Amino acid sequence: MKKISKDAVQNQQLNDMLEEQSQLKANGADVRDVRVNQTQVNANGEVVGINRPDLQYTLDGKRYYVEWDKPICGDPTRSLRGQSHGLRILLNDSDIDFSTQVILKIAGATCD
């Protein structure tokens, strides 16, 4: 099992997404360069930043980035760092469609 966090829910969601990528590829989809917690690269495999998205992959020629963050206390729909994660990714790879290619997953314990 791959891990991105101390949070079991986030790690399970990551592994579920990795399994989805494997299934897509097995069914003929063009899934390439799946990376977990590694330096950000674009769809051409070029390093575009020093940040390390939790999950990134290229699907049918488009690069996708997924970040997990814990929800803030009292509001399971918002996170403290999610927006900044997404903006950093976009600044590094401005060729993406932010609304569809950057995915923020809010999951895990609501309060530490």
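Which residue with a positive phi follows α1? The residue is G28, whose phi is near 100°. The model described here is predicted.

## Helix α1: extent and ends

Helix α1 runs over residues 8-26 and contains 19 residues. From its first C-alpha to its last it reaches 27 Å, close to the 27 Å expected at 1.5 Å a residue.

At the start of the helix, D7 places a side-chain oxygen within 2.9 Å of the backbone nitrogen of V9.

The buried residues of α1 are Q10, N11, L14, N15, M17, L18 and Q21. Viewed down the helix axis, the buried residues fall within an arc of 155°, so they line one face of α1.

These buried residues pack against four named strands: β1 (31-36), β2 (55-59), β3 (62-69) and β6 (102-106). On the face turned away from the buried side, α1 carries the exposed residues A8 and A26.

## Aromatic pair

The count of aromatic pairs comes to one. The pair is formed by Y57 and Y64, with ring centres 5.4 Å apart. Their planes lie at 20°, and planes under 30 degrees apart count as stacked, so the pair of Y57 and Y64 is stacked. Y57 and Y64 are both buried.

Notes:
Residues are numbered from 1 along each chain as its sequence is written. This is a predicted model: local features need pLDDT of at least 70, side-chain atom pairs count only at pLDDT 80 or more; totals for chains, interfaces and linings use all residues. Side-chain values use heavy atoms; hydrogens and water are left out. Helices (H or I, at least four residues) and strands (E, at least two) are DSSP runs, numbered from the N terminus. The expected span of a helix is 1.5 Å times one less than its number of residues. Buried means under 20% relative accessible area, exposed over 50%, partly exposed in between (1.4 Å probe, protein chains only). The arc is that of the directions from the helix axis to the C-beta atoms. Contact means heavy atoms within 4.5 Å. A polar contact is a pair of N or O atoms within 3.5 Å; within protein, one must be able to donate a hydrogen and the other to accept it, and residues adjacent in sequence count only if both atoms are side-chain atoms. Rings of Phe, Tyr and Trp (its six-membered ring) pair if their centres lie within 6.5 Å; planes under 30 degrees apart count as stacked, over 60 as edge-to-face and the rest as tilted.
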